[in-house]
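Subject: Structure for you to look over

Dear colleague,

Please find below the structure I promised to pass on, together with its sequence.

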Amino acid sequence: MTSPLLLPLEAPTPAHICPLNQACSYLEQAAQELNLDSGVLTILSYPRKVVTVSIPVKLDSGEVQVLAGHRVQHCDILGPYKGGTRYHPAVTLQEVSALAMLMTWKCALLGIPYGGAKGGIALNPSHYSVGELERITRRYTSELIKDIGPSVDIPAPDMGTSSREMAWIMDTYSMNVGHAVPGIVTGKPISIGGSRGREMATGRGVMIIVREALAQQGKSLAGARVVIQGFGNVGSAAALLLQEAGAKILAVSTGSGGVYAKEGLDIPALKTYATANHKQLAGFPGSAAITNAELLTLSCDVLIPAALENQITEENVHKIQASIIAEAANGPVSLNADKELEARGVTVLPDILANAGGVVVSYLEWVQGISYVFWDEERVNQEMEGLMVQAYHQVVQQSQARQVPLRLAAYTLGVGRVAQALTDRGLYP
Ligand code: NAD
């Protein structure tokens with residue numbers, strides 16, 4: 001019998017698409033560009049804490065299963081660790097470690113006082129009942145009880161999780177410490193202190209960054225042809241908001257394939273259709289079926305990968321036709337594909353900028369929670385937009401000043417701020 005905890009170690013990802021290699025490589029490029037002290041680079045290359053727990057769960061059938069859960073805390077130099085919790089069968093310790101590192105640079109880039117962390121459980125949520133998912137989430141939270149906290153490490157939703165799981169985490173933590181602690185998670189339901197605007201926040205941030213990038217090229221969202229991989233929390237919100245702003249959404253997909261319409265899909269109707277059809281898009285009236293591989297290579301102005309890592313790789317990069325790629329997912333473009341896109345002059349809006357809307361509104365949720373003052377959605381959206389637009393222009397300025405692509409510009413800003421803080425705080429003891 002194979003231990004689930006050993007799986008991440010037994011099945012390493014090939015080096016050229018390993019998310020951790022990729023994250024470290026971008027860090028090294030930024031360090032080189034910044035002429036960073038080698039000691040500082042070494043410290044920032046390692047997570048501060050790595051926790052792997054086993055999660056025993058009794059299934060509805062009476063069978064007992066043990067799942068592997070991780071929480072990686074990369075860096076808390078600027079503030080409490082912050083990062084999502086992913087439920088997906090492809091979760092590994094390497095992936096979670098890479099995503100934790102990205103969170104550190106993302107928070108620093110956006111100027112919000114958080115460090116970086118990430119959590120995940122290797123499971124396919126659709127194979128479990130709601131009751132089983134609740135028991136899994138509560139046990140995972142209990143196992144991490146000493147490692148998380150509202151001023152220590154604050155989980156949020158990611159792939160496969162939503163406000164429902166955040167409510168279970170909040171309740172489990174609160175029951176363990178003996179009083180209500182809404183600040184233990186962000187992305188929670190509004191009834192327990194969640195922020196208005198959080199559910200759409202990552203998608204809204206994607207829309208804002210795409211709009212700014214098009215504007216810089218003298219174009220606008222009106223009539224822009226957009227293709228989106230992934231129709232979950234991020235992809236569907238981005239699709240809706242981009243369409244509201246005048247873009248044509250030519251195609252969207254889920255893990256089981258996508259739909260295409262030359263004149264654009266009706267996104268609200270597609271959302272209703274998907275909800276009624278167990279998230280399946282196939283058969284949506286007026287659309288043709290399309291595979292995920294075909295979708296990525298469609299002729300369009302903006303391609304938005306909003307699902308998994310490594311969707312644009314050496315194998316398909318030569319077929320990509322978009323002139324702008326907005327990384328709504330974390331790490332959707334592999335290292336080598338990124339180089340080729342750069343050489344071809346394709347604008348890649350990097351993940352740590354393009355998908356930062358979620359963590360920005362998580363921060364705003366936390367600020368509202370600790371001040372006991374709750375804002376309306378308009379105020380939340382305005383505050384988020386201000387921070388996103390500011391970060392976009394800082395990245396563009398940095399890119400022009402250093403003559404580097406947007407990704408490296410974003411990394412130099414994020415990594416540079418953390419390195420400065422580390423230097424100012426000094427190395428303990
Ligand atoms: P989600 O679980 O709500 O949706 C994921 C979507 O991707 C679903 O439509 C799913 O069917 C699809 N998908 C899964 N496997 C696929 C495959 N092999 N090929 C094509 N599509 C596939 O997740 P989400 O919260 O929307 O997150 C999507 C991405 O955005 C992830 O990379 C996540 O890390 C990133 N992200 C999310 C947030 C957030 O606030 N939720 C914030 C920042 C970044």
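At roughly what angle do the axes of helix 3 and helix 15 cross, and within what distance do they come? Before the answer, please keep in mind that this is a predicted model. The axes of helix 3 and helix 15 (residues 406-425) cross at roughly 110° and come within 11 Å, which means that helix 3 is roughly perpendicular to helix 15. On the side of helix 3 the contact involves Val-40, Ile-43 and Leu-44, and these meet Val-415, Val-418, Ala-419, Leu-422 and Thr-423 of helix 15. Sorted by class, the residues of this contact are seven nonpolar and one polar, with no charged residues.

Helix 3 (residues 38-45) also meets helix 2 (residues 19-34), and here the two axes come within 11 Å and cross at roughly 160°. Because of that angle, helix 2 counts as roughly antiparallel to helix 3, and the crossing of the two helices is right-handed. Helix 2 contributes Cys-24, Leu-27, Glu-28 and Ala-31 to the contact, while helix 3 contributes Leu-41, Leu-44 and Ser-45. Of the residues in the contact of helix 2 with helix 3, five are nonpolar, one is polar and one is charged.

In the segment after helix 15 we find Pro-429, which is joined to Tyr-428 by a cis peptide bond with an omega of about 10°. As background, most residues other than glycine have a negative phi, and most peptide bonds are trans.

Turning to the domains, the assignment for the chain gives domain 1 (48-181) and domain 2 (201-354), and the centres of domain 1 and domain 2, taken over C-alpha atoms, are separated by 27 Å. Twelve residues of domain 1 are in contact with seven residues of domain 2. Between them, domain 1 and domain 2 bury about 830 Å², and 59% of that area is on carbon and sulfur atoms. On the domain 1 side, the residues that lose the most area to domain 2 are Leu-102, Lys-106 and Leu-109, which together account for 42% of what that side buries.

With best wishes

Notes. Residues are numbered from 1 along each chain as its sequence is written. This is a predicted model: local features need pLDDT of at least 70, side-chain atom pairs count only at pLDDT 80 or more; totals for chains, interfaces and linings use all residues. Side-chain values use heavy atoms; hydrogens and water are left out. Axes are lines fitted to C-alpha atoms, for helices over the stretch in contact, and angles run from 0 to 180 degrees between N-to-C directions. Helices (H or I, at least four residues) and strands (E, at least two) are DSSP runs, numbered from the N terminus. Angles under 35 degrees count as roughly parallel, over 145 as roughly antiparallel, 65 to 115 as roughly perpendicular and the rest as oblique. A crossing is left-handed if the near helix is turned anticlockwise from the far one by less than a right angle, and right-handed if clockwise. Contact means heavy atoms within 4.5 Å. Ala, Val, Leu, Ile, Met, Phe, Trp, Tyr, Cys and Pro count as nonpolar, Asp, Glu, Lys and Arg as charged, and the others, Gly among them, as polar. Domain bounds come from an automatic or database domain assignment. Buried area is the accessible area (1.4 Å probe) that two parts lose on being put together, summed over both.
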